[in-house]
Structure formats: structure tokens, C-alpha cells
Amino acid sequence: MSTIRRQSIISSGIIYFGFALGFLNTYLFTREGGFTQAQYGLTGTFIAIANIMYSFANLGMQAYINKFYPYYNDNLPVRENDMITWALLTSITGFVLVLLGGYIFKDLVIRKFGAHSGDLVKYYYWIFPFGFGLTMYSLLEAFAWHLKKSILTNYLREVQFRIYTTVLIVLSFFGVFKSFDLFIKLYAFGYIIIAIILLTILIVRRQIHLTINVSRVTKKFFKKIIELAGFVWSGALIYNIASVFDTIVIAAVMPEGLAFVGIFTLAQNIASLIQAPQRGIIAASIGPLSKAWKDKDFQKIDRIYRHSSINQLIFAMGMFVLIWINFTDGVFTFHLQKAYLEARYVFLFLGLMRIIDMGTGVNSQIIVTSTLWRFEFFTGVILLALSIPLNYILTKQLGVVGPAIATFVAMAVYNSIRYFFLLKKFKMQPFTANTFYVMLLALVDYLICHSLFNQYHGFVWILYRSSLFIAIYLGAVIYFDLSPDMAGVLATVRKRLGGKK
């Protein structure tokens, strides 16, 4: 666990720095006198559609890498490891099919989005380089995780990509770009740039070799690879469509759809602050989980499951309350456009969804690296079956907050099914008494800070309110030893600072 903890902590730090840049970008997008809500919404729609493109194009290759990397690594020298070659070639083929489908169904897109989201139709073809870059980077990222390069990959995705976006925004702000047109076209190449950087680093360090020779491992496991890729691809495709369907529905259904996508995107980006440790923990744990299943080390899997749950829950509850008690004050204090006040209750339900998803630990990674990975497909079908009708109906009835409620309900059911599946099949469940104590602590801390500071507004009061919350919350977590990894973290910090063990 020390390796996972170390990489998770460093990755979380990088991710939070990236989120700070993301917050800066969000501020520049949403401040008074900045980009319009529709323009900001278009960037969010780019991300949503690119994720769908990636889901189609990868053809299960990320799952193939995560499941079979230990077999290739243990049985082949690096120069003969053909895994990444076939993964990339397969996904490039998949993206060619996406391009073909995009051309064939363009008229359908115009009919569905033309009335409410005209800019999406205008920049339709520019989504494809954005989606291709995301596809290539995601595959290289998965391979790099097994090379223990999760810190590098998190830097590129969370920091480098946002720096690129920041530069584009600043150039627009100073008039270098005479219109939004050039900004969005350059924005479309963001993921291609970081994919090239990652591939170059891995090649230069001789940690990746592209060979078209079919290895004995590929021949031996070919049928199992096809079966795994097919099932997990279809399950992941369904999951990702369900995950971004809310954004698509808003753009297609609501009048001035892209403007409301902008409001929804703001809430999503703020809610993603809650998710930051999850990305680091997943990146650090996927390799050890895959190896543990291969070695049948169930005790290690159970330990990763429980530790990931409580550690993520501590982060999620604390960050959720910290944002919630400052949300409205933040909109006025930082002079965001007043329309973004509507994002508050969107954030409420998206934030609660993140808490549930993180509190249930790395259940998805445990399932997909096990021999029961087929379950990924069936849970994905259930999620999509809930998400599509709920999103459409609630968007029609409740407006921009409707998709957030739909996503919350669907993800709660989805994670409940996974929880009971792991409990029944492997007698594993992530919750302890500390789970309840963390939630109680966050609630009590919120009530204290709300009662003391709710009537005060402004930047200074945001600092006072936040400082008191953090002091109580973090102090109680340390004092009551609510995280099993906290002692190790503090010991490492003391050692680095020259203190006693």
C-alpha cells in the first residue's frame, strides 16, 4: 500500500494544482465581460462528445491493457511486447469508423441540435481531432500506469492540458485571437498535443516499443482478449454515454441549449474538485489490483478496496461541504456572471453523486481486473437504461437541474449494485464504523460554520469560514485516526521535515 499511497498523494497534489488552473480557466470563461455562456458551453459539449467518440473508438483496448499487462510484462522482454502496438492500431481503426459515422449522421446532428445549439453544428468537424487526441492519450495513459508513470500522466492530463487552455484564453483576452473561431479551433488540438508528449517521453526512455510482430502471449490469449475487449468495451461504452448524456440532452432539448450547458459545465467543473483524489488512486491502484488478481492475493484486494473507500470519502465529504458553504458567496465575490447562480443546485446533486461514487471505493477497477469482468457490461446497461429516460424527462420538467438529479439517482443505483455484487461474490465490502463517523463529522462541521458565518459575505469571510471548517475537519480526522493511511502520511511528512519517526 505504501507505493499506492505515495503515488496517490503526489498525483492528488498534481491534480489539485491542475484543478487550480482549471478554476482559473473557469473564472476566465465565466467572469463578467468574458466569454459568453454559450461559448463556455461549447467547450463542455466538446468534452462530452469527445468522450463518446473515445468510448466507441477504443474498442476495449484500455481494458485489454489493464487486464493483460502483467502477462505480457512477466513473459516478454520490452522489445517484444506488442501490446501497445495492437492497442493503438485497433483504436485508430475504431476512430476511422467514428469518422465515417460522423459524416453519415451529420444531417441527424443538424436536425437535433441546430435549433438550440447552432455553434455546435458550426464547429461539428472540429470535435473529431479533439476526440482522436483523447482516444490516443487515454490508451497511452493506461499503458503508462503499469509502468508506474501515473504521476506523469496525471500531470499531462490535469496540468499540461489546462495550461494549454489557459494560454489560449489569455491570448483571446489580449486580442491576439480576433474572434472565438480561432480559439475553439486551436482548443480542438489540446489532447493531441499531450498524447504526442507522452508517446515521445516513453519512446525516449525506451519504455515502449512499437512492433508489429505477433508475440506468443498475444497468440496464447487471443480469444480471451477478444472476449474481454468485446464485453468491457460495450459496458464502458454504455457507461460513458450515460455519464455525458446529461450535457447532450441539455444542448438538444433546452432553448439556448449551449448557454445552459455552460451553467451545467460550471457545476461539473466545480464538482470535479471533489473527484480529484479518485483519479490519483485509480491510476496508482489499477496495476497492483491487476497483479493481485493474477496472484490470487485476495487480502491485498480487500485492503485496497477498504482504504480507497475511506480515503476518498474523507476527501469527498470535506471538499463538498467546503464548496457548498461558499458557493453563492463565491459567485458574487469573484464577479461571475449572475446566470451562473443557477449552477448551485446542479452542483448539489452532482456533488452528492461524487460522494457516493468515491465512498464506494475502486469497485469498478476491482471488477474489471477480475475474472468476472463481464459484470461491467451488465451494470453499464442498467446505468444507461436509467440515465436516458431520467435525463430526458427531468430536463423537460425541471430544466438544467433535472439532469443533475437524474445522474445522482442513476449513479446511486449503479454503485449499489456493484457494492452488493462484490459483497456476495468475494465477501468484500469497503465500509467501517469510520465511514459513519466521517459523514457525521462533515455534517456537524457544516452546521457550526453555517451558523457562525452564513450572514457574512466577501472574500475575507470566505477565508474565515473555510479556515474554520478545515481546522475542525482535518483536526478531527487526524485526532480520531479516521484514515488507515493517515499515520503513514504524517510519518513521511515528519521524516521529510527532519522530525522523529
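Which hand does the crossing of α8 and α10 have? That crossing is right-handed, where right-handed means that the near helix is turned clockwise from the far one by less than a right angle, and left-handed that it is turned anticlockwise. You're looking at a predicted model, where local features need pLDDT of at least 70, side-chain atom pairs count only at pLDDT 80 or more, and totals for chains, interfaces and linings use all residues. Residues are numbered from 1 along each chain as its sequence is written, and side-chain values use heavy atoms, with hydrogens and water left out.

**Helix pairs**

- Two packed helices are described by the angle between their axes and the distance between the axes.
- For α8 and helix α10 (residues 190-204), the angle is about 145° and the axes are 10 Å apart. Axes are lines fitted to C-alpha atoms, for helices over the stretch in contact, and angles run from 0 to 180 degrees between N-to-C directions. Helices themselves are DSSP runs (H or I, at least four residues), numbered from the N terminus.
- On the α8 side, the contact (heavy atoms within 4.5 Å) includes Leu 152, Phe 161 and Tyr 164, and on the α10 side it includes Gly 190, Ile 197 and Ile 201.
- Sorted by type, the residues of the α8 and α10 contact are 10 nonpolar, three polar and one charged. Here Ala, Val, Leu, Ile, Met, Phe, Trp, Tyr, Cys and Pro count as nonpolar, Asp, Glu, Lys and Arg as charged, and the others, Gly among them, as polar.
- Now try helix α12 (residues 257-295) and helix α15 (residues 343-359): they pack at an angle of about 25°, with axes 8 Å apart. That makes α12 roughly parallel to α15, a label for angles under 35 degrees.
- The α12 and α15 crossing is right-handed. Among the residues making this contact are Ile 263, Phe 264 and Gln 278 of α12, plus Phe 347, Arg 354 and Met 358 of α15.

**Nonpolar cores**

- A nonpolar core is a set of buried Ala, Val, Leu, Ile, Met, Phe, Trp, Tyr and Cys residues joined through side-chain atoms within 4.5 Å. Buried means under 20% relative accessible area, exposed over 50%, and partly exposed in between (1.4 Å probe, protein chains only).
- The largest core has 135 residues, and Phe 46, Tyr 64, Phe 183, Phe 347 and Tyr 473 have the most contacts inside it. Helix α11 (residues 216-253) supplies the largest share of this core, 14 residues.
- Leaving aside neighbours within four places in sequence, Tyr 473 touches residues including Leu 313, Met 317, Val 438 and Asp 445.
- There's also a second, separate core of 19 residues, which includes Ile 286, Ile 304, Ile 366 and Leu 422.

**Residues to find**

- Gln 312 sits in helix α13 (residues 298-324), and its 0% relative accessibility makes it buried. Apart from neighbours within four places in sequence, its contacts include Pro 277, Ile 281 and Val 362.
- Ala 38 belongs to helix α2 (residues 37-57) and is partly exposed at 25% relative accessibility.

**Positive phi**

- Most residues other than glycine have a negative phi.
- Leu 59, in the loop between α2 and α3 (61-75), has a positive phi near 50°.
- Lys 148, in the loop between α7 (127-146) and α8 (150-173), has a positive phi near 60°. At 59% relative accessibility, Lys 148 is exposed.

Notes
Helix = DSSP H or I, 4+ residues; strand = E, 2+ residues; numbered from the N terminus. Parallel < 35°, antiparallel > 145°, perpendicular 65-115°, else oblique.
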